[in-house]
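Dear colleague,

Please find below the structure I am handing over to you. My notes on what was found in it follow directly after.

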Amino acid sequence: MSLLGFAFEAGRLDVSTHPFCGGVAEDVRITTRYSEDDFMRSLMGIVHETGHARYEQNLPRERVHLPVGQARSMGIHESQSLSFELQLGRSPQFLALIAPLLQKHLGRQAAFEANNLAALFTRVQPGLTGARRVAGQPISWLSARLVNHSILPMSAGTWNSAIWAPEAASILIRWFLF
């Protein structure tokens, strides 16, 4: 988190059942969960939540009473954290930077060499495993979001969405992913 610019004097990291970020600029709390058989999920959860925290920590404190001193929207907030997770956190440069740290704390092994980390963090596999945000592949999850936003306007119409939405979702997912 320090490598990503998180200011620990204005926040902290704790363990919980689900990654989360909240608080105010002077005290940003991040939580994450750990999985002994999948460090990638924990690492990317922390990188994502650090994106949220950096957004909060860098709001202009001297203008907290004005709109410019407050979070603009959840859309801006989420775009910051997704940029951290999907672009910064999976970049070859970041993975090369953390590779020695992983080897130091988890043991020296080929899996933690920078080129192998890059292959792991950027792989895409066929299937629908990305529908769950925190456990899925980025490309699959983003495609699932496109499907959701394509179906939602239709479900607000006059046709029975309970009958047609699952079929529409299946068609759109296959179109986006395959």
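Arginine 41 is partly exposed because its relative accessibility is 34%; in this classification buried means under 20% relative accessible area, exposed means over 50%, and partly exposed lies in between, with a 1.4 Å probe and protein chains only. The side chain of arginine 41 meets that of aspartate 38 in a salt bridge, 3.7 Å from N to O, where a salt bridge is a side-chain nitrogen of Lys or Arg within 4 Å of a carboxyl oxygen of Asp or Glu. Aspartate 38 is likewise partly exposed, at 24% relative accessibility.

Two sentences on conventions are needed here. The model is predicted, so local features need pLDDT of at least 70 and side-chain atom pairs count only at pLDDT 80 or more, while totals for chains, interfaces and linings use all residues. Residues are numbered from 1 along each chain as its sequence is written, and side-chain values use heavy atoms, with hydrogens and water left out.

Further salt bridges

The structure holds 6 salt bridges. One of them joins aspartate 27 to arginine 29, with the closest N and O atoms 2.8 Å apart. Aspartate 27 is partly exposed at 31% relative accessibility, and arginine 29 is partly exposed at 36%. Another pairs the side chains of arginine 63 and glutamate 62, at 3.4 Å from N to O. Here arginine 63 is partly exposed, with a relative accessible area of 40%, whereas glutamate 62 is exposed, at 54%.

Overall architecture

The protein chain has 6 helices and 3 strands; these are DSSP runs numbered from the N terminus, helices being H or I of at least four residues and strands E of at least two. Along the sequence the pattern is β-β-β-α-α-α-α-α-α. Of the 178 residues in the protein chain, 35% are buried. Contact means heavy atoms within 4.5 Å; among contacts between residues at least 6 apart in sequence, 47% join residues at least 24 apart. The protein chain exposes about 10900 Å², of which carbon and sulfur atoms supply 60%; accessible areas come from the Shrake-Rupley method with a 1.4 Å probe, and for residues only the protein chains shown count as cover.

Threonine 31 and its surroundings

Threonine 31 is in strand β3 (residues 27-32). With 17% relative accessibility, threonine 31 counts as buried. Its side chain makes a polar contact with the side chain of serine 16 at 3.0 Å. A polar contact is a pair of N or O atoms within 3.5 Å; within protein, one must be able to donate a hydrogen and the other to accept it, and residues adjacent in sequence count only if both atoms are side-chain atoms. A polar atom of the threonine 31 side chain also lies 3.1 Å from the backbone oxygen of histidine 18. Leaving out residues up to four places away in sequence, threonine 31 touches Leu13, Asp14, Ser16, His18, Pro19, Phe20 and Glu49.

Glycine 69 lies in the loop between α1 (39-57) and α2. At 6% relative accessibility, glycine 69 counts as buried. Apart from neighbours within four places in sequence, glycine 69 is in contact with Leu59, Pro60, Arg63 and Val64. Glycine 69 and glutamate 56 are 13 residues apart along the chain, and their C-alpha atoms are separated by 9.5 Å.

At the start of α2, a side-chain oxygen of serine 73 reaches to within 3.1 Å of the backbone nitrogen of isoleucine 76. Helix α2 (residues 74-88) has 15 residues and should span 21 Å at 1.5 Å a residue; its end C-alpha atoms are 20 Å apart, which agrees. The expected span is 1.5 Å times one less than the number of residues in the helix. The buried residues of α2 are His77, Ser81, Leu82, Phe84 and Glu85.

Leucines at the surface

Leu3, Leu97 and Leu101 form a nonpolar surface patch with about 270 Å² of accessible area together. Patches are made of residues with over 30% relative accessible area and no salt bridge, like charges being joined within 9 Å and nonpolar side chains (Val, Leu, Ile, Met, Phe, Trp, Tyr) within 5 Å. Leucine 3 is in the segment before β1 (11-15) and is partly exposed at 47% relative accessibility. Leucine 106, in helix α3 (residues 92-106), is partly exposed with a relative accessible area of 45%. Leucine 106 and phenylalanine 39 are 67 residues apart in sequence and 9.8 Å apart in space, C-alpha to C-alpha.

With kind regards
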